[in-house]
Amino acid sequence: MNKKGRSKLMKIRIIKGLCLSMVLVGFLAGCSTTQKITSSARTATEQLLISEAVKRSLAKSLDSSLPIPKGSVVKLDLFGISGDKDLMKGIIAGWLGQQGYVAQDESATYRMNIVVDSLGTESANTFFGIPPISASLIPIALPKLSFYEADYQAGYSKFHLDIFEVSSGRFVGTVPFVANTHYNKHTVFFLFTFKRTDLASPPTVGSFMNLIH
């Protein structure tokens, strides 16, 4: 083989080596686990995760009675750093009504401070595959290729009720509540997705598996 042929062969080997290196680097870079805290505005799924976490925490305490007589008129005050105060207050007022109490400010015999310790969602992602690749010198772009990817979402609710007698200001007792919910989506071999959740009626987003059923 002449010098020109050897030089051409060497260039081909270098190009092949660079392409293989890019693929390996992209593959290794795509194997990662990340976690983030969800911020507003919330999706429909996130809203369900929060509201059902609150309802589930109350449902767990249906067999336990509050330290005040049935039929008592209760004034509700809410404290916490969460922005979902109206939701929390409405759900608890409805729950109190189901338990035989009256939630209103007028003629209240007890004041109930709803102290929200934590209310919100968190999400995490696990990805194994090749991330999106784009090149400025070569007009070639590849989409993300997920051999396996999982998106995890969790709703969490933790709060407690501090109960006081209105006439005397006497502290009656504290009742804690805590619960969580989850909504997980898995993708296998680029197209096939399935979900795992404990939500009652989660929204459905189209996928390849939904189309073939």
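# Chatting through salt bridges, a core and some loops

Biologist: What's the relative accessible area of Arg56?
Modeller: Arg56 comes out at 24%, so it counts as partly exposed. Buried means under 20%, exposed means over 50%, and partly exposed is in between (1.4 Å probe, protein chains only).

Biologist: Before we go on, what kind of model is this?
Modeller: It's a predicted model: local features need pLDDT of at least 70 and side-chain atom pairs count only at pLDDT 80 or more, while totals for chains, interfaces and linings use all residues. Residues are numbered from 1 along each chain as its sequence is written, and side-chain values use heavy atoms, with hydrogens and water left out.

Biologist: Back to Arg56, then. Which residue does Arg56 form a salt bridge with?
Modeller: Glu52 is the partner, and the closest N and O atoms of the pair are 3.7 Å apart. A salt bridge here is a side-chain nitrogen of Lys or Arg within 4 Å of a carboxyl oxygen of Asp or Glu.

Biologist: And where do Arg56 and Glu52 lie?
Modeller: Both are in helix 2, four residues apart, which is about one turn of the helix. Helices (H or I, at least four residues) and strands (E, at least two) are DSSP runs, numbered from the N terminus.

Biologist: Glu52, buried or exposed?
Modeller: Glu52 counts as buried because its relative accessibility is 13%.

Biologist: How many salt bridges turn up in the whole structure?
Modeller: Four. One of them pairs Asp77 with Arg111, with the closest N and O atoms 4.0 Å apart. That pair links distant parts of the chain: Asp77 sits in strand 2 and Arg111 in strand 4, 34 residues apart. Asp77 is partly exposed at 22%, and Arg111 is also partly exposed, at 27%.

Biologist: What does Arg170 meet in a salt bridge?
Modeller: The side chain of Glu165, at 3.8 Å from N to O. Arg170 is partly exposed, with a relative accessible area of 45%.

Biologist: Which residues do shared partners join into one network?
Modeller: Glu52, Arg56 and Asp198, through their salt bridges.

Biologist: New topic: the largest nonpolar core. Which residues touch the most other members?
Modeller: Met88, Met112 and Phe159, out of 24 residues in that core. Helix 2 (44–59), strand 2 (73–80), helix 3 (85–98), strand 4 (110–130), strand 7 and strand 8 each give two or more residues to this core. The term covers buried Ala, Val, Leu, Ile, Met, Phe, Trp, Tyr and Cys residues joined through side-chain atoms within 4.5 Å.

Biologist: What does Met88 touch?
Modeller: Not counting residues up to four places away in sequence, Met88 touches Val54, Leu78, Ile114, Val116, Leu119, Ser157 and Phe159. Touching, or contact, means heavy atoms within 4.5 Å.

Biologist: Ser146 now. Where is Ser146 found?
Modeller: In strand 7, which covers residues 145–165. Ser146 counts as buried, since its relative accessibility is 5%. Leaving aside neighbours within four places in sequence, Ser146 is in contact with Phe127, Phe128, Val188, Phe189 and Phe190.

Biologist: And where does Phe189 lie?
Modeller: In the loop between strand 8 (171–188) and strand 9 (192–197). Phe189 is exposed, at 53% relative accessible area.

Biologist: Last one. What phi does Ser107 have?
Modeller: A positive one, about 60 degrees, although Ser107 is not a glycine. Most residues other than glycine have a negative phi. Ser107 is placed in the loop between strand 3 (102–103) and strand 4, and Ser107 counts as exposed at 65% relative accessibility.
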